[in-house]
Amino acid sequence: MAQGPWQRRSALWAGRILGGLIAIPLLYFAAALFLGLIPANAAWRQAESGIAIFVRTNGVHTWILMPKTNDYMDWRPFIPGGHVRDPRWDAANYAAFGYGEREVYLNTPTWGDLSIASATRAAFGGGDPLVHVEHVHDPQVDADTRRIVLRPDEYRRLTTFVAARFRRDTGGRTMPVPGRGYRDNDIFYEANGGYSAILTCNEWTGRALRTAGVRTGLWTPLEQSIMWRLD
């Protein structure tokens with residue numbers, strides 16, 4: 001049976017919509033690859049001596065690990081050990097800082113638990129951000145962790161960027177999410193900023209490193225965009 005004009009137009013629009021749905025993620029990943037290959041701070045080389053930080057991945061998400069205290073920054077008032085389930089972690093000498101969307105962080109313990117609604121809200125900027133902090137002692141380089149040595153001015157820029165992400169109460173204190181953490185040594189904090197497919201957890205890491213002056217891709221929405229430059 002021959003199709004009428006309305007049916008042909010419907011089929012044409014259905015094809016266009018399907019093509020658009022396929023093209024959007026392809027364009028996104030192409031842009032992530034292309035902009036991740038273009039370096040910001042192209043002339044940067046890590047210092048021979050200075051402040052050792054680490055960048056860690058779990059294969060999807062990245063964190064920046066910084067000393068809890070040194071001559072340039074004291075993180076202890078921001079992230080006291082009393083905020084986590086086991087306050088003995090206050091003695092740890094490093095802290096890992098990550099950034100993510102609230103619903104995904106709090107209610108998605110594994111990626112298999114990620115719902116379409118949560119993923120859509122995170123991608124289109126509908127959710128609130130949180131800072132994730134994990135107390136870590138003596139981090140080591142391994143398959144998922146890279147070490148970077150920063151100069152003092154680079155480290156100050158990095159800490160200023162991260163500190164500004166913490167939302168404060170009227171008394172100037174950071175705002176933990178009570179009782180919410182994956183283990184005994186981590187906690188979430190209310191954060192400033194947004195979250196979307198443009199500003200992902202890994203792009204937040206990339207912005208922090210670019211602000212410090214570290215050689216990083218221009219846009220780093222994927223963990224691979226961060227980690228491959230540190231090998």
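A nonpolar core is taken here as a set of buried Ala, Val, Leu, Ile, Met, Phe, Trp, Tyr and Cys residues joined through side-chain atoms within 4.5 Å, where buried means under 20% relative accessible area, exposed over 50% and partly exposed in between (1.4 Å probe, protein chains only). The model is a predicted one, with local features needing pLDDT of at least 70, side-chain atom pairs counting only at pLDDT 80 or more, and totals for chains, interfaces and linings using all residues. Residues are numbered from 1 along each chain as its sequence is written, and side-chain values use heavy atoms, with hydrogens and water left out.

The largest nonpolar core holds 38 residues, and the members touching the most others are I53, W75, F97, L158 and F166. A second, separate core has seven residues, W63, L65, Y94 and A96 among them. Beyond its neighbours within four places in sequence, L158 has contacts (heavy atoms within 4.5 Å) that include I53, I64 and A212.

Strands are DSSP runs of E with at least two residues, numbered from the N terminus. Five of the five residues of β7 (residues 186–190) are buried, so the rest of the structure largely encloses this strand. D186, F188 and E190 cover one side, with I187 and Y189 on the other. β7 runs antiparallel to β5, joined by five bridges (pairing takes at least two DSSP bridges), and E134 has D186 as its bridge partner.

Most residues other than glycine have a negative phi. N41, in the loop between β1 (39–40) and β2 (51–57), instead has a positive phi of about 55 degrees. D138 likewise has a positive phi, of about 50 degrees, and sits in the loop between β5 (129–136) and β6 (145–150). Both are partly exposed, N41 at 31% and D138 at 41% relative accessibility.

Note on methods:
Helices (H or I, at least four residues) and strands (E, at least two) are DSSP runs, numbered from the N terminus.
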